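Subject: Structure for your review

Dear colleague,

Please find the structure below. The notes that follow set out what was found in it.

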Amino acid sequence: MQKIYLSDAGPKVSPAVYSFHRWQEEQNTTPAAMEKIVNLCLELGINTFDHADIYGTYHAEELFGQVISQKSFKREDIVLFTKCGLRLPHPSKPEVRVKHYDTSRQHILRCLDESLRNLQTDYIDIFLLNYLDPISNLEETAITLRQLKESGKVKNIGVANFTVFQHQLLAAYLNIPIVTNHIELNLLNTLALDNGQIDYSRQRYMRPIASGPLADGRIANGTDEVAVRVRQKLQQMGEKYNADPESIAVAWIIKLDALPLLGTRDEQRLRHAAKAFTIDLEHQDWYELYAISRGEM
């Protein structure tokens, strides 16, 4: 895959991103299993990896750090995302009593230092706030993010799960670019096309990261009416384009200049997603899928 700029402010990334957000749902979460996935991604041209402190029930970053320590690839050859803000209860975090958001200066600094230590790196390519804490001191948050970028510990700032208004609000306090927003986007959830998230990303000259591009398996296996209807059309188009239906579903997202966020550990499904970048959906085929997903056909 040819590397692309995530925004007009950079950086260059692969046009698909691999995320470890689902690893807590899987078995065999070992450094060896993770290294196998990383090497497969690199083989497919995916060199951009998404983390968060909470992934893998707070253990995925540490596993990835062990992979980096094996030196089967160079740190400078990959792009690392990580994020903080969402806090979830877990036995390893006895201080967290309830799911909540925390974008305070103290939490951001502590979280970043832990991520750097766990990932065994001295910088993060893109550091994202995962949700906006509505009772945070935004001026303090913005100052903290700027200082982290100036320190070199963070190369770029992004956000995840921000509404358009939240994105605008944080941007008003920052004098550095926000380079992306992680948003949910797939053929079974097209809300980002209606609520302005896609349009605002274009206005800010940046590409959004589309989480859940295959609707967490619902596109392939869902039994509800919408999933069945969309899957039938994807199968028909798969014959036309000589591609797996999941490849067509990812190609639909790519057409929006969004970067699909992949989380599967299944090799074949990863290869199907990579094949999507060889598919150029015809204009009316894109709209036909969109209409079917909305129940308009």
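Contact here means heavy atoms within 4.5 Å. This is a predicted model, in which local features need pLDDT of at least 70 and side-chain atom pairs count only at pLDDT 80 or more, while totals for chains, interfaces and linings use all residues. Residues are numbered from 1 along each chain as its sequence is written, and side-chain values use heavy atoms, with hydrogens and water left out.

With that definition of contact, Pro208 touches Thr180, Asn181, Ile183, Ile198, Ser201, Asp257, Ala258 and Leu259, leaving aside residues up to four places away in sequence. Pro208 is located in the loop between α8 (197-203) and β11; helices (H or I, at least four residues) and strands (E, at least two) are DSSP runs, numbered from the N terminus. Pro208 counts as buried because its relative accessibility is 3%; buried means under 20% relative accessible area, exposed over 50%, and partly exposed in between (1.4 Å probe, protein chains only). From C-alpha to C-alpha, Pro208 and Asn221 are 26 Å apart in space, although 13 residues apart in sequence.

Strand β11 belongs to a closed barrel of eight strands, which runs β3-β4-β5-β8-β9-β10-β11-β12 with parallel pairing. On average, neighbouring strands of this sheet are turned by 30 degrees against each other, direction ignored. Two strands pair if DSSP finds at least two bridges between them. Strands β10 (residues 178-184) and β11 (residues 209-211) pair in the parallel sense over three bridges, and Glu184 stands opposite Ser211 in β11.

Turning to the helices, the axes of α3 (residues 60-69) and α4 (residues 105-119) come within 6 Å and cross at roughly 40 degrees. Axes are lines fitted to C-alpha atoms, for helices over the stretch in contact, and angles run from 0 to 180 degrees between N-to-C directions. The two helices α3 and α4 are therefore oblique to each other; angles under 35 degrees count as roughly parallel, over 145 as roughly antiparallel, 65 to 115 as roughly perpendicular and the rest as oblique. In this contact, Glu61, Glu62, Phe64, Gly65 and Ile68 of α3 meet Ser115, Asn118 and Leu119 of α4.

Finally, the cysteines. The structure holds zero disulfides, a disulfide being a pair of cysteine sulfur atoms within 2.5 Å. For Cys84, which is in no disulfide, the nearest cysteine sulfur is that of Cys111, 3.9 Å away. Cys84 is buried, with a relative accessible area of 1%, and Cys41 counts as buried at 0% relative accessibility.

Yours sincerely
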